[in-house]
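I set out to record, entry by entry, what I looked up in this model. The entries follow below the display.

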Amino acid sequence: MTQAFVVFFGVLALGFAGLVLLLRQPMRAALALVAHMISLAAIYATLGVHVVALFQVLIYVGAVMVFMVYTIMLLDDRDASFKQPFSRLTLPAVVVAVALAVSLLGLLGGGPVEPPVPTAAAPADFGFMAFSLAFMKQYWFHFELATVLLLAGIVAAWTAIRESQDAA
Amino acid sequence: MSTYHFLVALAVLLFAIGLLGVMVRRNLLVVVMSLEIMVNAVVLSFVAAAAHTQTLHGAAMSFFIYVAVTCEIALAMALLVLLVRRRGSLDLAVEQELKG
């Protein structure tokens, strides 16, 4: 049953990723991206990794996509990239992407890539509380470094916005 | 095919679709969306490994990837707004005179 759900949501995620690529209007592409991310969150929840499913919905769908929708509102719908959405180099790009996918899938199916061997003595609990406790014990230093990265991102975004205000 | 192999194959296909979007689309915002699909493929492979090995490392790595992506998007959106105000367009064909 779990495998059936994973396959179902996997096919959905793949289809919506394809729509992001094909749809002409950025708002429709953004909605397809939201559906793609929710499908992935459903896969994570089906696998029992609830904490990552929660991050996926809260951070990606809740925060990142809101940024994108705000930016789309600033766009002019007469933009040239709306009328002619694809580059002239589409054919070579398709060849490169297909070659990459085929070679990686060949590695996966050919045998050299073995799945990692389960190493834990007891199955990990991916619930929110158990994950938080283990995370703050094992990864507290990395967590502190991540806060510095967030601060750097905020300062960089603020500087870019100041620049755009000066330009206007 | 096991669930682990299916998820890794799905991650490969999603990564290829995202790469294709980065290469063929002319709208810079859709290019950023395609980059997000590539990042999602990487997260999916980490989560597949975490679920398979029943360890927390993959899930913790996903958390750090989300932090990096949030920074990236905050900066990317600020730069996109700057570009729209300066050039009036997000068409990559307009940005031909970039020198590095």
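How many helices and how many strands does chain A have? I counted seven helices and zero strands in chain A, where helices (H or I, at least four residues) and strands (E, at least two) are DSSP runs numbered from the N terminus.

**Entry 1. Conventions.** I note that this is a predicted model, in which local features need pLDDT of at least 70 and side-chain atom pairs count only at pLDDT 80 or more, whereas totals for chains, interfaces and linings use all residues. Residues are numbered from 1 along each chain as its sequence is written, and chains are lettered from A and ligands numbered from 1 in the order in which they are written.

**Entry 2. Chain A overall.** Read along the sequence, I find the pattern α-α-α-α-α-α-α in chain A. I looked up burial next: 25% of the 168 residues of chain A count as buried. A residue is buried if 20 or more other C-beta atoms lie within 10 Å of its own, exposed if 12 or fewer, and partly exposed in between, with C-beta atoms placed from the backbone. For contacts, I take two residues whose C-beta atoms, placed from the backbone, lie within 7 Å. Among contacts in chain A between residues at least 6 apart in sequence, 58% join residues at least 24 apart.

**Entry 3. The interface.** I find 77 residues of chain A in contact with 65 residues of chain B. On the chain A side, the elements that give two or more residues are α1 (2-22), α2 (26-47), α3 (50-73), α4 (80-83), α5 (90-110), α6 (128-138) and α7 (140-167). The most comes from α7(A), with 13 residues. By class, I record 60 nonpolar, 14 polar and three charged residues on this side of chain A. Ala, Val, Leu, Ile, Met, Phe, Trp, Tyr, Cys and Pro count as nonpolar, Asp, Glu, Lys and Arg as charged, and the others, Gly among them, as polar.

**Entry 4. α1 and α2 of chain A.** I find α1(A) and α2(A) packed at an angle of about 160°, with their axes 8 Å apart. Axes are lines fitted to C-alpha atoms, for helices over the stretch in contact, and angles run from 0 to 180 degrees between N-to-C directions. This angle makes α1(A) roughly antiparallel to α2(A); angles under 35 degrees count as roughly parallel, over 145 as roughly antiparallel, 65 to 115 as roughly perpendicular and the rest as oblique. The crossing of α1(A) and α2(A) is left-handed, a term used if the near helix is turned anticlockwise from the far one by less than a right angle, with right-handed used if clockwise. Residues making the contact include A:F5, A:F9 and A:F16 of α1(A) and A:L33, A:L40 and A:I43 of α2(A).

**Entry 5. α1 and α2 of chain B.** Here I find an angle of about 165° between α1(B) and α2(B), with axes 8 Å apart. The two helices, α1(B) and α2(B), are therefore roughly antiparallel to each other. Their crossing is left-handed. Among the contact residues are B:L7, B:L10 and B:L14 of α1(B) and B:A41, B:L44 and B:A48 of α2(B). The classes are 18 nonpolar, six polar and no charged.

**Entry 6. α1 against α1.** Are α1(A) and α1(B) roughly parallel or roughly antiparallel? The axes of α1(A) and α1(B) come within 10 Å and cross at roughly 5°, which makes α1(A) roughly parallel to α1(B). Including A:V6, A:G10 and A:L14, residues of α1(A) meet residues of α1(B), among them B:F6, B:L10 and B:L14.

**Entry 7. The nonpolar core.** A nonpolar core is a set of buried Ala, Val, Leu, Ile, Met, Phe, Trp, Tyr and Cys residues joined through C-beta atoms within 7 Å. The largest has 74 residues, of which A:V49, B:L14, B:L44, B:V47 and B:A59 touch the most other members. Two or more residues come from each of α1, α2, α3 and α7 of chain A and α1 (3-24), α2 (28-53) and α3 of chain B. I find that α2(B) gives the most, with 15 residues. Leaving aside neighbours within four places in sequence, B:L44 is in contact with A:L40, B:L7, B:L10, B:A11 and B:L14.

**Entry 8. Two residues of chain B.** I located B:F63 in helix α3 (residues 57-87) of chain B. B:F63 counts as buried because it has 21 C-beta neighbours inside 10 Å. I also located B:Q54, in the loop between α2 and α3 of chain B. Its phi is near 55°, a positive value in a residue other than glycine. With 17 C-beta neighbours inside 10 Å, B:Q54 counts as partly exposed.
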